[in-house]
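Please consult the sequence and the model while reading.

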Amino acid sequence: AQATHDPEGWKNVMRLAPMLNDDNAYLAALIQASNASPGDLKLVDSVVAAYERLGRPDDALAFLRGRQRNSPAEAIDARLGQLAERSGHDDEALTYYRKLNQLYPSNTQYALRTASLLYRHGDYKGALDALLAARRGARNDDVLFWRNAAQLAHLLQRDDIANDAYKHLLASGQAAPEDLSAMTYFYDAYP
């Protein structure tokens, strides 16, 4: 298939390689299919998964960077951030998440990913700031967002923010017993 560039040959490789446990051949067929349909994110995800199975996350990152011109920018940047985070390139992941936060300031998922990385690196104020920047886009049912905002605000002794986050968490109707316990402790000082 590589020598002839025959589409039927690549289809055969795609079909036979998994049965023969030949991940390298399967990867080559996936890359060929992805090159033929550069906007197909399902194929992009399959190529990245194959690279990761082979223990080659840096090659997967290079592949995704090459797709930035031909695929939806938000989708590729999000995948780059997630893959960089999974493969231990936290600074690179943070760069992509911050870019996504700037382009889509109301997206709570991007804010949560940014905050999570900053939190793991001990930047609690930066983590809370990332969440606060996306607060306008958060709905009451963004439970994980409000839970994290409340916990960080409580940790940083920002009672006004914690109070607001707890109100949203209660309004969601999805507060967990741990949330209610944290609220009890928080509001204990306010009879």
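A salt bridge is a side-chain nitrogen of Lys or Arg within 4 Å of a carboxyl oxygen of Asp or Glu. The model discussed here is predicted.

Q: How many salt bridges does the structure hold?
A: Side chains of opposite charge can pair when their charged atoms come close. Under the 4 Å limit between nitrogen and oxygen, the number of salt bridges in the structure is 13.

Q: How many helices does the protein chain have?
A: Read along the sequence, the pattern of the protein chain is α-α-α-α-α-α-α-α-α-α-α. The chain has zero strands, and its helices number eleven.

Q: What is the radius of gyration of the protein chain?
A: For 191 residues the globule rule gives 16 Å, and the chain is well over that value, so it is more spread out than a compact globule. Its C-alpha atoms fill a box of roughly 80 × 30 × 25 Å along the principal axes. The radius of gyration is 22 Å.

Q: What percentage of the 191 residues in the protein chain is buried?
A: A residue counts as buried when its relative accessible area is under 20%. Of the 191 residues in the protein chain, the buried share is 37%.

Q: Which residue forms a salt bridge with Lys 99?
A: The closest N and O atoms of this pair are 2.9 Å apart.

Q: Where does Arg 135 lie?
A: Arg 135 and Asp 164 meet through their side chains in a salt bridge of 3.5 Å, N to O. Asp 164 belongs to helix 10 (residues 159–172), and the pair ties together parts that are 29 residues apart in sequence. Both residues are partly exposed, Asp 164 at 23% and Arg 135 at 32%. Arg 135 itself lies in the loop between helix 8 (124–133) and helix 9 (143–155).

Q: How far apart are the mean positions of the positive and negative charges of the protein chain?
A: The chain carries 21 positive and 25 negative charges. The mean position of each set is compared, and the distance between the two is 4 Å.

Notes
Residues numbered from 1 in each chain as written. Predicted model: local features only at pLDDT ≥ 70, side-chain atom pairs only at ≥ 80, totals over all residues. Heavy atoms only, no water. Helix = DSSP H or I, 4+ residues; strand = E, 2+ residues; numbered from the N terminus. Rg over C-alpha atoms; globule rule 2.2 N^0.38 Å. Buried < 20%, exposed > 50% of the residue type's maximum accessible area, 1.4 Å probe, protein only. Lys, Arg positive; Asp, Glu negative; His and termini not counted. Charge placed at Lys NZ, Arg CZ, Asp CG, Glu CD.
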